[in-house]
Amino acid sequence: MPEHSASAQDIDHVAAALVACLPALHRALDRQAGQEFPHPKPPEAQLALLRYVDAHDGVTVRDAAEALRMKPNNVSALVTQMTEQGMLERRQDSADKRIAHLHLTPVARQRHAEVSELMGAHLAQALRALTEGELDALGSALGALGSLTEQLHRPAR
């Protein structure tokens, strides 16, 4: 664990602020994009799986479940729903027929790109309203937020 001079109280304050801020930021972006997105919005668990499969084409159900911190049977149920909805394709592994690799359908890939573009546009618009100092601070925090995300995805010790 890295050594730093931050007090336990400072760390608790930052943790509480992030716990409050990050979901609110996500909800605001989600709501704004949802108002303009011309298709029904999938539930959050489906969106998380879509994002992951888009970034990791050909992933297995087990690997996706592990990465998303979900139970494999829940991800399997999501995959079944999303396959029926035409959002995912299951392709059998050539070496082991029990293993399926997940791929986005062209429709899912297009819709995922559209919603990501909408969210990016809304976020860019909000960023333009910030002061230069606020924008610099957010830019400087990106690396730390990436490291924080990695820490949260590591197995608990």
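Q: Let's start with a crossing: is it right-handed or left-handed where α1 passes α5?
A: The crossing of α1 past α5 is right-handed. Keep in mind that this is a predicted model.

Q: Which residues of α1 and α5 make that contact?
A: From α1 you have Leu25, His26, Leu29, Asp30, Gln32, Ala33 and Glu36. On the α5 side they are Val115, Leu118, Met119, His122 and Leu123.

Q: And how does that contact of α1 with α5 divide into nonpolar, polar and charged?
A: There are 7 nonpolar, 3 polar and 2 charged residues in it.

Q: At what angle do the axes of α1 and α5 cross?
A: They cross at roughly 120°, and the axes come within 9 Å. Roughly perpendicular covers 65 to 115 degrees, so α1 counts as oblique to α5.

Q: Stepping back, how many helices and strands does the chain have?
A: You'll find 6 helices and 2 strands. In sequence order the pattern is α-α-α-α-β-β-α-α.

Q: What does the C-alpha trace span along its principal axes?
A: About 55 × 40 × 20 Å.

Q: Back to packing. At what angle do α2 and α3 pack?
A: The angle is about 115°, and the axes are 11 Å apart. The two helices are therefore roughly perpendicular to each other. For orientation, α3 is residues 61-68, and α2 passes α3 in a right-handed crossing.

Q: Which residues meet there, in α2 and in α3?
A: Ala48, Leu49 and Tyr52 are the α2 residues, and they meet Asp63, Ala64, Ala67 and Leu68 of α3. By class, this contact has 6 nonpolar residues, no polar ones and 1 charged.

Q: Now α4: how do the axes of α2 and α4 cross?
A: At roughly 85°, with the axes coming within 10 Å; α4 is residues 72-84. That angle makes α2 roughly perpendicular to α4. Ala45, Gln46, Leu49 and Leu50 of α2 make the contact with Val75, Leu78, Val79, Gln81 and Met82 of α4.

Q: What are the classes in the contact of α2 with α4?
A: It has 7 nonpolar and 2 polar residues, with no charged ones.

Q: Which helices supply at least two residues of the lining of the largest pocket?
A: Those are α1 (8-36), α2 (44-55), α5 (106-128) and α6 (132-153). The most comes from α6, with 15 residues.

Q: What classes of residue are in the lining of the largest pocket?
A: The lining has 29 nonpolar, 11 polar and 2 charged residues.

Q: And what volume does the second largest pocket have?
A: About 330 Å³. Of its 19 lining residues, Phe37, Pro40, Lys41, Pro42 and Leu47 are the closest to the centre.

Q: Where does the largest share of the lining of the second largest pocket come from?
A: From α5, with 5 residues. The helices α1, α2 and α5 each supply at least two residues of this lining. By class, the lining of the second largest pocket has 10 nonpolar, 5 polar and 4 charged residues.

Methods: Residues are numbered from 1 along each chain as its sequence is written. This is a predicted model: local features need pLDDT of at least 70, side-chain atom pairs count only at pLDDT 80 or more; totals for chains, interfaces and linings use all residues. Side-chain values use heavy atoms; hydrogens and water are left out. Helices (H or I, at least four residues) and strands (E, at least two) are DSSP runs, numbered from the N terminus. Ala, Val, Leu, Ile, Met, Phe, Trp, Tyr, Cys and Pro count as nonpolar, Asp, Glu, Lys and Arg as charged, and the others, Gly among them, as polar. On a 1 Å grid over the protein atoms alone, a cavity is a set of points where a 1.4 Å probe fits but cannot get out, and a pocket is an open set with protein on both sides within 12 Å along at least five of seven lines; lining residues have an atom within 4 Å of a point. Grid points are joined across faces, edges and corners, and a volume is the space filled by probe spheres set on the points. Axes are lines fitted to C-alpha atoms, for helices over the stretch in contact, and angles run from 0 to 180 degrees between N-to-C directions. Angles under 35 degrees count as roughly parallel, over 145 as roughly antiparallel, 65 to 115 as roughly perpendicular and the rest as oblique. A crossing is left-handed if the near helix is turned anticlockwise from the far one by less than a right angle, and right-handed if clockwise. Contact means heavy atoms within 4.5 Å.
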